[in-house]
Amino acid sequence: MIMRLFYLLWVSVLTSSVLTGLAYADQKDPSQPSKRPSLDQMKASSMFSYKPEPSDLQECLGRIIWTSDKSIEWPVNYDINQLDSFDNFFSENVFSRGDAIRFGNTNVSVKKIKEGAREEIVGFLPDNRIKSFKKRLEQAEQQERAAFKNKDGDVRQRQRYDLATSRIESFKKSIEEITGKYSPYDSGIVESYGYGFTEDSSSRNGDRYSILTTYLFIGEYLYNFESRETIKPNMSVEKHRKKFSALLKSFRPRRMNEIPTGLGVCIPFGFFPDDGRTITDIKQSFRWKDVPGVLYTIHTGNVQARQLKSTILNAVASSQVGRFGTDEEAEVKRHVDQRIGPRQVKIGGLTGEQGGVALKITAPGTKPYEAYSVYSGYAGWLGTDVLPFIIVDMQSFTIDQAPELKENPPPFKQSMQRLENVLKNMRIRTTIPLMPELSGNK
């Protein structure tokens, strides 16, 4: 039953994620171009006058920034089995579903690699996989030749021959699939490995895509970039390669708590310089080292007409656990200790919506503890870069959910205080030069 309580608590977070596809933004009619806020309104909403304390640590994601009294952790764990995945996680059990980084048409992931892992990664890449399969093919062919003279012998001898021929066909097929799909791509950057291929659209429009992937090693981190472009008269595979190479050459690593001063977009341990207008969609979790079982997930990016953020509905859904009338929900309701909202919340100089629930769990033989989930969101403004949507989810994990944790989450009050501190000073990062809209250029 306890695990079922956690599942239903997660439902509120997942329900919020589903509802983000519904229409709602600051403007009255999202289907129509919004009336742009004035320059003074944008500057006030972005908290450009905020001055952090000299002792405050700062961190940034996308185009936003916030302060903290302690350093945080990003989910950059490495797993060779997820090398091609753009999902990030702290552990197998502690992660926020849907974490992703998208800058323009490029997906990005960041992994902290252990000593010796680089060789493992390079060996897993297409050209080295081909070398490995060719070596194994040679061995299978030798085994086939050795078994050929007895291929009509007893059962064991026939099986030895059949196994060798089967392995030959399997290795040949693997080599053919890799060589037929991937071609080397040289971005011109040292310590990088790139590959490209084209892919037909599954839709009826008959589009064809150019897809480029590059693995870039910088210090103790592996950055994986994947760019996709529709092949058109004005966008050939060659043009795509040049465009992607320019993006990779502009990218630079970023230390934890290093805040760039120029125009651009922050990702964990990285920064993309731009002109302030690149479309982004970034969702990443972080946590404090002293409380590894509580995640704070920030989702931010440009408001898109096809994917407006329904912050009011999300806040309502996040506060409704235990109120849907089923027998299981009735059981959950007994453990509800506090409901948060739905209510308005300040995210820096912006006004958003907030909702959530905190459960107090009591079970025989265990010390009572709390589990909680809180959603806070500002819907952003369609048609501006300066007012992106900003969503912050707080979610707890228990030792029942994640055995690798040494203790259950701290009291809800403590975690809520940290969430409030994050929201209080979250703002658009001040840049030199200013973003075009803030300098009067639309």
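Me: What stands opposite phenylalanine 103 in strand 5?
Reply: In this predicted model, threonine 106 of strand 5 stands opposite phenylalanine 103.

Me: Why is strand 5 called mostly covered?
Reply: A residue is buried if its relative accessible area is under 20%. In strand 5 (residues 106–112), five of the seven residues are buried, and therefore the strand is described as mostly covered.

Me: Why is valine 76 called buried?
Reply: Its relative accessibility is 9%. The cut-off for buried is under 20%, so valine 76 counts as buried. Valine 76 lies in the loop between strand 3 (72–73) and strand 4.

Me: Which residues is valine 76 in contact with, leaving aside its neighbours within four places in sequence?
Reply: They are Phe89, Val110, Lys111, Lys112, Tyr221 and Phe269. The C-alpha atom of valine 76 is also separated by 9.4 Å from that of serine 91, 15 residues apart along the chain.

Me: Why is helix 3 called roughly perpendicular to helix 4?
Reply: The axes of helix 3 (residues 117–124) and helix 4 (residues 126–148) cross at roughly 75 degrees and come within 5 Å. Angles of 65 to 115 degrees count as roughly perpendicular, so helix 3 is roughly perpendicular to helix 4. Helix 3 makes the contact with Val122, Gly123 and Phe124, and helix 4 with Pro126, Asn128 and Arg129. These residues divide into three nonpolar, two polar and one charged.

Me: What puts the buried residues of helix 3 on the same side?
Reply: The buried residues are Ala117, Ile121 and Val122. They cover an arc of only 135 degrees around the axis, which means they are on the same side of helix 3. In general, an α-helix has 3.6 residues a turn, so residues three or four places apart point the same way. What covers the buried residues of helix 3 includes helix 4, strand 7 (192–200), strand 8 (208–218) and strand 9.

Me: Why do strand 10 and strand 11 stand at the edges of their sheet?
Reply: The sheet is open, with three strands in the order 10-12-11 and antiparallel pairing. Strand 10 (252–253) and strand 11 (264–267) each have a single partner strand, so one side of each is left without a neighbour in the sheet.

Me: How do you know that strand 11 pairs with strand 12?
Reply: Four bridges join strand 11 to strand 12 (residues 270–273). At least two are needed, so the strands pair. In strand 12, glycine 270 is the bridge partner of isoleucine 267.

Notes:
Residues are numbered from 1 along each chain as its sequence is written. This is a predicted model: local features need pLDDT of at least 70, side-chain atom pairs count only at pLDDT 80 or more; totals for chains, interfaces and linings use all residues. Side-chain values use heavy atoms; hydrogens and water are left out. Axes are lines fitted to C-alpha atoms, for helices over the stretch in contact, and angles run from 0 to 180 degrees between N-to-C directions. Helices (H or I, at least four residues) and strands (E, at least two) are DSSP runs, numbered from the N terminus. Angles under 35 degrees count as roughly parallel, over 145 as roughly antiparallel, 65 to 115 as roughly perpendicular and the rest as oblique. Contact means heavy atoms within 4.5 Å. Ala, Val, Leu, Ile, Met, Phe, Trp, Tyr, Cys and Pro count as nonpolar, Asp, Glu, Lys and Arg as charged, and the others, Gly among them, as polar. Buried means under 20% relative accessible area, exposed over 50%, partly exposed in between (1.4 Å probe, protein chains only). The arc is that of the directions from the helix axis to the C-beta atoms.
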